[in-house]
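User: Hi! I would like a close look at one part of this model, the place where its chains meet. Could you walk me through it?

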There are 2 protein chains.
Amino acid sequence: MNFILKDENAVFYECGFSCDNVVFLKLGSEAFFITDARYTTEASECVKNATVLEGDRRDLLKTARLLIRKSGVKALCFNPSEWSVDAYARLSEKLSIHFQKKPNFSQEKRIIKTQGELEILRQAALFGRDAFTRFGEFLKRDGLGMDERMAHFEAESIFKYHGQLELSFSPIVALGENAAKPHALPSSKQLEKGELVLLDAGVKYRRYCSDRTRTSFFDEHFNFEKRQVFRDATQQKVYDTVLKAQEAAIKAVKVGVKACDVDKAAREVIDKAGYGDYFIHSTGHGVGLDIHELPVIGARSQTIIEENMVFTIEPGIYLPNAFGVRIEDTIIVTSSGAEVLG
Amino acid sequence: MNFILKDENAVFYECGFSCDNVVFLKLGSEAFFITDARYTTEASECVKNATVLEGDRRDLLKTARLLIRKSGVKALCFNPSEWSVDAYARLSEKLSIHFQKKPNFSQEKRIIKTQGELEILRQAALFGRDAFTRFGEFLKRDGLGMDERMAHFEAESIFKYHGQLELSFSPIVALGENAAKPHALPSSKQLEKGELVLLDAGVKYRRYCSDRTRTSFFDEHFNFEKRQVFRDATQQKVYDTVLKAQEAAIKAVKVGVKACDVDKAAREVIDKAGYGDYFIHSTGHGVGLDIHELPVIGARSQTIIEENMVFTIEPGIYLPNAFGVRIEDTIIVTSSGAEVLG
């Protein structure tokens, strides 16, 4: 398959290196990594299985078009969500070949992880887990009265570990009723004793992402362990339901089942407890170079689960204006079930 | 003009509010802010001069298409770099109206700032300047032996000011020969006495960006002032040349001149000193809601400078494998010349 890529992670997957200005071309048996003068030295040392070419920083497509024309290929695949209307117009102008739209073809290639990738993802998850521990200790010591904005700032700092790790995404730190919004923005709400703390965060290790969520009760024994004791009976019931749903979904992970059946396992527990209307998102998503990859673990996903897929299991219940609970782990599909990371 | 927008800042400019999932439509005398359930409450309180509508979180375009059809408009402008090939295909499918490509029409509207915007930009620049001072004091105290990665991490923290400010962009902290790369990534290189430190950083205040660069000599008197004394004669000569070029460009800013003439004023000073080949980028760029806006202050820019435009003046000289110097300020064009911010 001949194809063209712009996305940093998609390019990295092909050749083991990437940068923020690159076009990658696969034309027959040849591959080309086109970048500008800022990156060619490093690219020449790191790119595998592709020829590094230097193009004009503002017009890498000029070099790409020349190569496409010279190669004589008749068709070229591209991901239509990766290209803006004007970039695509510049790419395809007066090239009389067939540009074939292939949504997410790079993510499809990446859906089964190699042993090398699995090792990196395991390590990323360990770094992520350690950051949860460090941030938990910080909140236990200094959290009382701290507002969400400050807690978010501190979470970013602590997860970055003095600049040694990058973040998978900007952490979500939600307190009390703000945890009822699955993607709350940090506010001036302050952390009080007896309140819920929801933390959804991850780090990158060698470009691969970790992803985890914990919901915890804030008092002098605060921690991000899965076993949590709440003062309020409804909170305890909701928490236990979400935990049970997560365990059921993890147990449902098996080679050969459909992704929608994994989703169903979580959803049934929550439905049965009477909170079905408050589980308002999918059960999980693939994780790898991108924080959201394939497979989708949702009610309509017909994807067959295969060994060495990596995805999250993250059911949640969100009671508007009251509180929310989400529990998330990243798992690897094994021949016998699921390996929970971190 | 009828138009459709997706870009957060472009939408904010139209109605004073924005979020990360929005489509904005201007159809004749009516305007619509389409978002999903997560944002409709806040949008209804904050959006000015537009009707807030709730759409399906994953398919806001469905609502937009309905409105376009109902309105009976014959043509709709869009920015082709704002839309991916597939989003545009979904938007335009079976709508028999003319979709008119208008590159950067929102940035063109925003090129002259209002008095209100100027006040915010002045304040953003003051916050940015204060962060330079704080980071300078930090490096003076703790910088010796610190590597770039750590310095970058600390710069992010200090510029965010305990989570009270957002960053205009991830700061560039480059030490010694790494400053010769205009957009160096943080490395394990350590800060030594007698070395150059280049810092390019800014913060956002009420969504508007600050932008500034200083290059300084590291010793026990370290600071980010413009007056810098270097041990090495070449470094001093290069620094003084860049500063002179910057001053010349600021002096060349006048209502009615062309942007390329401002660029030329800086370039001539550097050419004359014999470093023309090492000034490898434009002299400046507009600053506002986006960190890079119009006008471009470059050798080919025919834009006529007008009162209340806001842009950077940032000449630089980069000697490969040796060192680099860049000095940048953001200015407002006034009736009599330039007001340097911060």
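How many residue pairs are in polar contact across the interface of chain B and chain A?

Analyst: Happy to take you through it. Please keep in mind that this is a predicted model. Across the interface of chain B and chain A there are 8 residue pairs in polar contact, counting pairs in which both residues have pLDDT 80 or more.

Two helices of chain B, H4 (residues 85–92) and H7 (residues 148–160), each supply at least two residues of the side that touches chain A. Of the elements of chain B, H7(B) gives the most to that side, with 6 residues. Sorted by class, the side of chain B that touches chain A holds 8 nonpolar, 6 polar and 7 charged residues.

The charged groups bring us to the salt bridges, and the interface of chain B and chain A has 2 of them. One pairs Glu156(B) with Lys160(A), and their closest N and O atoms lie 2.2 Å apart.

Now for the extent of the contact. Chain B contributes 21 residues, and chain A likewise contributes 21 residues. Between them the two chains bury about 2,000 Å², and carbon and sulfur atoms account for 60% of that area.

Thr215(B) sits in strand S12, which spans residues 212–217 of chain B. Thr215(B) counts as buried because its relative accessibility is 0%, where the cut-off for buried is under 20%. The side chain of Thr215(B) reaches the backbone oxygen of Arg326(B) at 2.7 Å. Leaving aside residues up to four places away in sequence, Thr215(B) touches Leu196(B), Val197(B) and Leu198(B), as well as Gln228(B), Phe230(B) and Tyr239(B). Gly324(B), Val325(B) and Arg326(B) are also among the residues that Thr215(B) touches.

How values were computed
Residues numbered from 1 in each chain as written. Chains lettered and ligands numbered in written order. Predicted model: local features only at pLDDT ≥ 70, side-chain atom pairs only at ≥ 80, totals over all residues. Heavy atoms only, no water. Contact = heavy atoms within 4.5 Å. Buried area = accessible area lost by both parts, 1.4 Å probe. Salt bridge = Lys/Arg side-chain N within 4 Å of Asp/Glu carboxyl O. Polar contact = N/O pair within 3.5 Å; in protein donor to acceptor, adjacent residues only side chain to side chain. Helix = DSSP H or I, 4+ residues; strand = E, 2+ residues; numbered from the N terminus. Nonpolar A, V, L, I, M, F, W, Y, C, P; charged D, E, K, R; others polar. Buried < 20%, exposed > 50% of the residue type's maximum accessible area, 1.4 Å probe, protein only.
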